[in-house]
Amino acid sequence: MEINQLSENFSTYGQVLPDDLATIKALGFRSLICARPDGEADEQPLFAEIRDRAKAFGLHARYVPVQPSGATDADNLAFASALAELPGPVLGYCRSGQRAAKLWLTQQNAIE
């Protein structure tokens with residue numbers, strides 16, 4: 001897995017698959033934030049499947065879907081809320097990890 005660590009508490013990754021969850025747990029992550037809308041690609045697992053499997057591993061999961069065109073103010077607020085509420089470290093994911101990274105960067109810029 002090529003995980004991009006952005007801070008001590010937040011990293012990003014491309015599409016998480018159900019079989020990735022044991023490794024994600026073993027790497028020490030406690031929560032996931034999915035920034036990819038369901039149905040973006042045929043082979044993509046639904047968020048509910050990831051959430052349910054994550055729960056079986058003791059991982060928390062939150063759905064903050066962002067369209068490829070970019071995050072809205074509501075998306076940024078939902079992400080900030082998820083990040084504040086979920087136990088870390090948190091792994092954000094989407095197709096490539098870029099939308100999750102942009103959400104995190106927007107949050108960091110708002111703090112500064």
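Gln107 is found in helix α4, and the description given here is that of a predicted model. Because its relative accessible area is 18%, which falls under the 20% limit, Gln107 counts as buried. Leaving aside residues up to four places away in sequence, Gln107 touches Phe79, Ala80 and Leu83.

The contacts of Leu83, counted with the same exclusion of residues up to four places away in sequence, are with Phe10, Ile33, Val90, Trp104 and Gln107.

The largest nonpolar core holds 14 residues, and the members that touch the most others are Phe10, Ile33, Phe79 and Leu83. Two or more residues of this core come from each of the helices α3 (73-85) and α4 (98-111).

Apart from this core lies another, made up of 13 residues, among them Phe29, Phe47, Leu59 and Tyr93.

## The sheet

Five strands form an open sheet with mixed pairing, and their order across the sheet is β1-β2-β5-β3-β4. The edges are β1 (4-5) and β4 (60-63), each of which pairs on one side only. On the β1 side, the pairing with β2 (residues 10-13) is antiparallel and runs over 2 bridges, with Gln5 standing opposite Ser11 of β2. Helix α2 (residues 47-56) packs on the sheet, where the helix touches β3 (31-34), β4 and β5 (90-93), and its direction makes about 165° with that of β4.

Strand β5 pairs in the parallel sense with β2 over 4 bridges, and Tyr13 has Tyr93 of β5 as its bridge partner. Strands β3 and β5 also run parallel and are joined by 4 bridges; here Leu32 stands opposite Leu91 of β5. In a regular strand the side chains alternate between the two faces of the sheet. Both faces of β5 are covered, with Val90 and Gly92 buried on one side and Leu91 and Tyr93 buried on the other.

## Aromatic pairs

How is a pair of aromatic rings described? The description rests on the distance of the centres and the angle of the planes. In this model the count comes to 3 aromatic pairs. One of them is formed by Phe10 and Trp104, which are stacked at 6.2 Å centre to centre with 5° between the planes. This pair links distant parts of the chain, since Phe10 belongs to strand β2 and Trp104 to helix α4, 94 residues apart. Phe10 and Trp104 are both buried, and together with Phe79 they form one aromatic cluster.

Phe47 and Tyr63 form a pair that counts as stacked because the planes of their rings lie at 20°, under the 30 degrees that the term requires, while the ring centres are 4.8 Å apart. This pair, too, links distant parts of the chain, with Phe47 in helix α2 and Tyr63 in strand β4, 16 residues apart. Are the two partners buried or partly exposed? Phe47 has a relative accessibility of 8% and therefore counts as buried, whereas Tyr63, at 32%, counts as partly exposed.

Terms used. Residues numbered from 1 in each chain as written. Predicted model: local features only at pLDDT ≥ 70, side-chain atom pairs only at ≥ 80, totals over all residues. Heavy atoms only, no water. Core = buried A, V, L, I, M, F, W, Y, C linked by side-chain atoms within 4.5 Å. Buried < 20%, exposed > 50% of the residue type's maximum accessible area, 1.4 Å probe, protein only. Contact = heavy atoms within 4.5 Å. Pairing = 2+ DSSP bridges. Axes fitted to C-alpha atoms, helices over the stretch in contact; angles between N-to-C directions. Phe/Tyr/Trp six-rings, centres within 6.5 Å; stacked < 30°, edge-to-face > 60°.
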